[in-house]
Amino acid sequence: MKRVLLLLAIAAVLGATANAISPRGLSWTRPLGRGVGPQVTRAGLVPVDLASMKNLVGAVRILDARTKEDFAIGRLPGAVWWTPDGPLPPRDKPIVVYCANEFCEYALEAGVKLKAAGYPDVAVFVDGYEAWWNAGGAVDQD
Amino acid sequence: MTRIERLIPIVLGLVFLAAGILKIVDPLAFAVSIARLRIAPMAVVGPVAILLPWIEVVAAVALLIPGYRDPALKLLTGMLVLFTAILGIGLLRGASSCGCFGKADSLLNRADVALARNVVLIALAAFAMRRKTTCPAAPASPASGTGR
């Protein structure tokens, strides 16, 4: 048991040291960073939180920027799967893009692409599908 | 010791060395994988993502050091059992990726493949540890017999 603890102690020292000096080192308390919210705002897009998203379903065009697999398993009601490589969506409604959670950047990338293509009203549901699901929101499934 | 018994620690060591190094190279990807499993609270994600890969590497190297082989086997077996339980829960929740090998090839990181792989590795480790505890005792000394 002592040697097991010694191995763990060695690993802890090496891990902490490597993390401190590595340019890829993580924050101990916020390993995934601060989320994409600030980046969404800087990109000129509108950040939408969970409470607002509940009121927007049905009124806007919702684009899902996750993988096709995740989309098939569950998505916001009325959402359409879309990637920046795909054909541009219709311009008849405001658009809200989302992906998995606040740390996922796919929705941000999609929003930037749409804005660059001239869409006037593009928002990003920053909290993402996971927040919607955890809050008990209704979902569509294949 | 048979060839298989000599081979098992090497196989285990190589698997964990590769897994640990790939996670060390891209700790953010590993942290994201842990978060996606939705098992650990966010407060634990950072320490696990930072330290766990190094535990894998240190234990893998320790398999080759006399006197540390058994502690390393115990450590790796414990980790395997824990990972397998976590993977099982993650799979039930619909997780498809485990991040077991960092951002490496998607087949290595598929949760169902990882679960099967872990079961095999646990069996190998258990065999290696069991073999050590069932070795026959040394024969009695000839000097212990009665005098003539």
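Helix H5 of chain A, residues 106–116, has five names to look for on its buried side: A:Ala107, A:Leu108, A:Ala110, A:Gly111 and A:Leu114 are buried. Viewed down the axis of H5(A), these buried residues fall within an arc of 160°, so they line one face of the helix. Keep in mind that this is a predicted model. The partners of that face belong to chain A: the buried residues of H5(A) pack against helix H2 (37–42) and the strands E2 (61–64), E4 (95–98) and E5 (122–125). After H5(A) comes A:Gly118, with a positive phi near 95°.

Now for helix H1 of chain A, which spans residues 2–21. At 1.5 Å a residue, its 20 residues should span 28 Å, and the end C-alpha atoms are 29 Å apart, which agrees. Its buried residues are A:Val4, A:Leu7, A:Ala11, A:Gly15 and A:Asn19. Because they cover an arc of only 90° around the axis, they sit on the same side of H1(A). The face turned away from that side carries the exposed residues A:Lys2, A:Val13, A:Ala20 and A:Ile21.

| H5(A) | 160° |

What do the buried residues of H1(A) pack against? They meet two helices of chain B, H3 (42–62) and H4 (69–92).

That brings us to the largest nonpolar core, which has 33 residues; B:Leu12, B:Phe16, B:Leu75 and B:Met79 touch the most other members. The elements giving two or more residues to this core are H1 of chain A and, from chain B, helices H1 (3–25), H2 (27–37), H3, H4 and H6 (111–133). H3(B) gives the most, with 10 residues. B:Leu75 shows both chains at work: leaving aside neighbours within four places in sequence, B:Leu75 is in contact with A:Val4, A:Leu7, A:Leu8, B:Ile55 and B:Ala59. Apart from this core lies another, of 19 residues, among them A:Leu63, A:Ala100, A:Cys104 and A:Tyr119.

Finally, the contact between the chains as a whole. Chain B brings 28 residues to the contact and chain A brings 24 residues. The area buried between them is about 2,300 Å², and carbon and sulfur atoms give 76% of that area. How many salt bridges are there between chain B and chain A? The count is zero.

Terms used
Residues are numbered from 1 along each chain as its sequence is written. Chains are lettered from A and ligands numbered from 1 in the order in which they are written. This is a predicted model: local features need pLDDT of at least 70, side-chain atom pairs count only at pLDDT 80 or more; totals for chains, interfaces and linings use all residues. Side-chain values use heavy atoms; hydrogens and water are left out. Helices (H or I, at least four residues) and strands (E, at least two) are DSSP runs, numbered from the N terminus. The expected span of a helix is 1.5 Å times one less than its number of residues. Buried means under 20% relative accessible area, exposed over 50%, partly exposed in between (1.4 Å probe, protein chains only). The arc is that of the directions from the helix axis to the C-beta atoms. Contact means heavy atoms within 4.5 Å. A nonpolar core is a set of buried Ala, Val, Leu, Ile, Met, Phe, Trp, Tyr and Cys residues joined through side-chain atoms within 4.5 Å. Buried area is the accessible area (1.4 Å probe) that two parts lose on being put together, summed over both. A salt bridge is a side-chain nitrogen of Lys or Arg within 4 Å of a carboxyl oxygen of Asp or Glu.
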